[in-house]
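Dear colleague,

Please find the structure below, handed over for your records. A summary of the findings follows it.

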Amino acid sequence: MGASETMSTSMYINTMTLHQIRVTGMSVLSEHLGPIGMVRFLQQSETGWGDYTKERSEWLGEDDVRTLAAKIMAQRPSKASE
């Protein structure tokens, strides 16, 4: 791919919708990898990483539902101040 082709492709991608980018990407993957290779690539790249159930307590803490509800209510403006 030459420099001018790269430039025009880059400019075109900037004007594409996310749907158009996905459709074009699927087409290119299928064309270059074949249908089975495309599926294998997508399975590999869309599986995610990490251990959500183990790491969620780092993000959310150990609060129970009642404690979380109380924190939310404390953040809301009171009716008297409206």
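Lysine 71 forms a salt bridge with aspartate 63, their closest N and O atoms lying 2.4 Å apart; the term denotes a side-chain nitrogen of Lys or Arg within 4 Å of a carboxyl oxygen of Asp or Glu. Side chains of opposite charge can pair when their charged atoms come close. The structure holds one such bridge. Lysine 71 is partly exposed at 46% relative accessible area, and aspartate 63 is partly exposed at 31% (buried is under 20%, exposed over 50%, partly exposed in between, with a 1.4 Å probe and protein chains only).

This is a predicted model, in which local features need pLDDT of at least 70, side-chain atom pairs count only at pLDDT 80 or more, and totals for chains, interfaces and linings use all residues. Residues are numbered from 1 along each chain as its sequence is written, and side-chain values use heavy atoms, leaving out hydrogens and water.

The mean pLDDT (the predictor's confidence in each residue, from 0 to 100) is 79, and 77% of residues reach 70 or more. Over residues 1–7 the pLDDT is below 50, and this stretch has one contact in the model beyond near neighbours in sequence (a contact being heavy atoms within 4.5 Å).

The protein has four helices and zero strands (DSSP runs, H or I of at least four residues for helices and E of at least two for strands, numbered from the N terminus). Tryptophan 59 belongs to helix 3, residues 52–60, and is exposed, with a relative accessible area of 54%. Of the 82 residues in the protein, 6% are buried.
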